[in-house]
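User: Hi! I would like to go through this structure with you, one question at a time. Could you start with the term we will need for the rings?

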Amino acid sequence: MAKKKDSEKHEDGQRGGKYNKDDADGNELENFVDDITDEDLLGDVLQRRPKVSDGVDTVIIVDGVPQVNPERFDKLKVVITKIFAQFGKILNDYYPKSENGHTKGYIFIEYEKHESALEAVTQANNYKLDKQHTFLINLFSDYKKYNDIPEKWEAPTLQPFPERPNLQYYLSEPDAFDQYYVYNINSHIEVWLNSNPQPTKLVEREKWTESLIMWSPLGTYLATLHKQGVVLWGGPNFTNVLKLSHRNVQFVDFSPCEQYLVAYAPLDNGEQKLTIFDIRTGAEKRSFISDAPMAGNVLRWSKDDKYFARIGHNTLSVYETPSFGLLDKKSITVNGIRDFSWSPRDNVLAYWVAEDKDVPARVVLLEIPSRKEIRANNLFNVADCKIHWQKAGDYLCVKVDRYAKIKREKGDVKYSGMYFNFEIFHMREKNIPVDSVEIKEPIHAFAWEPIGSKFAIIHGEPSNNSVSFYNVKSGQAPVLLKKLDKHFCSHLFWSPAGQYIVIAEIRDSGALEFVDTADFTTMCSTEHYKATDIEWDPTGRFVATGVSSWKTKGDTGYWIWSFQGRILNRFNTNTYCHMQWRPRPPTLLSAKQQKDTKKSLKKYTSQFETKDKMRMTKASKEVIDKRRKLIKEFEEYRSKRLEDWNKQKAERMAIRSHIDTDELDSDDKNVQVEKVEFLVKEEVTVID
């Protein structure tokens, strides 16, 4: 029999069992047989094996610490602990002292986790405690490496330059056709060119990704996620450009200028690890460990990649690149902060703070890096806020959910008498004035016009929604331009070029209404039944609607429409999951150049129409040539078979007693003709 485990012995002792010496020295141990093999124990041994991070990798050396006497030691320790405890739990600290009790100017700190030690080295190195003392911090495990530096310097080996493919080739497409990928079941990925009259398949690969696939914000890369990490693809043949190691990655996010990539992955202890990579070099620049859910972990970037920020407990932490350290080496204390968002054009943060007893909610505009509050707006009776920036950054809309009464029961908060405000901040005007639009009905959707100053709102009861369009001008309050009543809709999709909008109902009827907001005429009212996704192409010329097999069963696939609502192509497939257009970088033309180009479009219209006709004629010619080729191949095959059949006639005659059966009427003696009649259709006409 096997020996009892320690826990079982402990339980026996708790049950009042007495120790019997005969059990240890008697016959029972003489007959003991150990039936647990070494192989069975190996798994438990491997689980308890020491890790590299369990040793000195959790210890840091801090140099530049003030040398103080014993009377000031306790005060120094409190200051040091406060600084370094923010990076993780401190297990031990050691302050070497001289014979007279004075500190020697350096200390050792041991953290619970290796990641905490790394963050302390990254964040607190070169930290100025005062004018005379600056911290210099290293990992204890690096001490040997720095101590063994050779006296004679040797130049590093010159590495060959890895030539990358042309990552912007798609922008030189002569007809300005856009690309998009289609994600199918079992990670079957297709990349298409939206050519005319039929899209052209560029690449098709099986199991290209293991979970997620996405374009970078400027369209330079196609990112795929795998168990080992992230792979970036680019160039005409979508070759492997960069591999980033990050095990069990679940989500990635690019900075707006594509300089950095953030990878998110869960850890075994339920925490989340966020790692920032430099896309140009592939180097890991910074990592964070957090126990917050994924939604609260997302890092948000400024428009120029110079800063990124995240929310902590009553704090807003802003980091700067390329040092990846805290701006001014400290976070911003904001009690009750709920959400924030960067301006798409300026280094300005907008955040809102929830109500706290008699303190009202606030919306604050914060300038970075000066941390200057350039505008603050107090709000009362606030249940929730949503921040919506206009794409040009000229206006900010804060949707405020307000209540008439509030009731708290057993920790739950219930609101009644809900109404809604849209607080419009005029960012380009002096002192940033704020206008308010109040709507009593429930709000279902809000969307700014990407290029322009209009915004649209879906409001009302679900069975009888209305769509209202407002225009914002400098020095004026928002003006209601048009209200469309009795619309069964749920989402708004503006064209990236502005002016045109698709008012849609998602996941039910799939109703689509294409509206020109220049005069608010409905260009087309149609539907894509059970549509789950709608996306404009980056130029605003085409709209794709899809029914994903992830969200519904039956009639899955995607359709491509013109901006006026004319159906161009239908791709119905049971394997369709998702599609996404390839983004384009911002135009390099000035506003005046764009305006002049639009004015001269009529001059080139005839050329474009001629080219389209030639393309259609070419497509028709290709179809005819293909059919002719198939007919020719069939006739050649048939003539060869007839030739073989004629050569075999003598053999057939010998087998069939020299009776020619090649023709149907050649052997009328052995053929019986039978006529069969049956009712095909019966019609009854009733005359009153």
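Analyst: Happy to! Rings of Phe, Tyr and Trp (its six-membered ring) pair if their centres lie within 6.5 Å. Please keep in mind that this is a predicted model.

User: Thanks! Which residues form one aromatic cluster with Tyr180?

Analyst: The cluster is built from Tyr, Trp and Phe residues. Besides Tyr180, its members are Trp192, Tyr558, Phe571, Tyr576 and Trp581.

User: How many aromatic pairs does a search of the whole structure find?

Analyst: One of the pairs is formed by Phe251 and Tyr264, with ring centres 5.5 Å apart. Searching the whole structure gives a total of 39 aromatic pairs.

User: Is the pair of Phe251 and Tyr264 stacked, tilted or edge-to-face?

Analyst: Planes under 30 degrees apart count as stacked and those over 60 as edge-to-face. The planes of Phe251 and Tyr264 stand at 40°, so this pair is tilted.

User: How many residues apart in sequence are the parts that this pair, Phe251 and Tyr264, ties together?

Analyst: Phe251 belongs to strand E12 (residues 251-254), and Tyr264 to strand E13 (residues 260-266). The pair therefore ties together parts whose separation in sequence is 13 residues.

User: What about Phe446 and Phe455: what is the angle between their planes?

Analyst: Phe446 counts as buried at 13% relative accessibility, and Phe455 is buried at 0%. Their rings form a tilted pair, 5.3 Å centre to centre, and the angle between the planes is 35°.

User: Which ring does the charged end of Arg570 sit over?

Analyst: Charges over rings turn up with Lys too: Lys97 lies over the face of Phe73, at 3.8 Å from the ring centre. For Arg570, the charged end is 4.7 Å from the centre of the ring, and that ring belongs to Trp559.

User: Which residue in E7 is the bridge partner of Glu190?

Analyst: Strand E6 (residues 188-193) pairs with E7 in the antiparallel sense over 5 bridges. In E7, Glu190 has as its bridge partner Glu204.

User: And in E38, what is the bridge partner of Asp516?

Analyst: Here we are in another open sheet of 4 strands, in the order E35-E36-E37-E38, where strand E38 (521-527) pairs on one side only. Strand E37 (residues 511-516) and E38 run antiparallel and are joined by 6 bridges. The partner of Asp516 in E38 is Thr521.

User: Last one: which side chain does the side chain of His487 join in a polar contact of 2.8 Å?

Analyst: His487 lies in strand E34 (residues 479-487) and counts as buried at 16% relative accessibility. The side chain of His487 also reaches the backbone oxygen of Asp485 at 2.8 Å. Not counting residues up to four places away in sequence, His487 touches Asn465, Val467 and Glu513. The side chain that joins His487 in the polar contact of 2.8 Å is that of Glu513.

Terms used
Residues numbered from 1 in each chain as written. Predicted model: local features only at pLDDT ≥ 70, side-chain atom pairs only at ≥ 80, totals over all residues. Heavy atoms only, no water. Pairing = 2+ DSSP bridges. Helix = DSSP H or I, 4+ residues; strand = E, 2+ residues; numbered from the N terminus. Buried < 20%, exposed > 50% of the residue type's maximum accessible area, 1.4 Å probe, protein only. Polar contact = N/O pair within 3.5 Å; in protein donor to acceptor, adjacent residues only side chain to side chain. Contact = heavy atoms within 4.5 Å. Lys NZ or Arg CZ within 6 Å of the ring centre and 35° of its normal.
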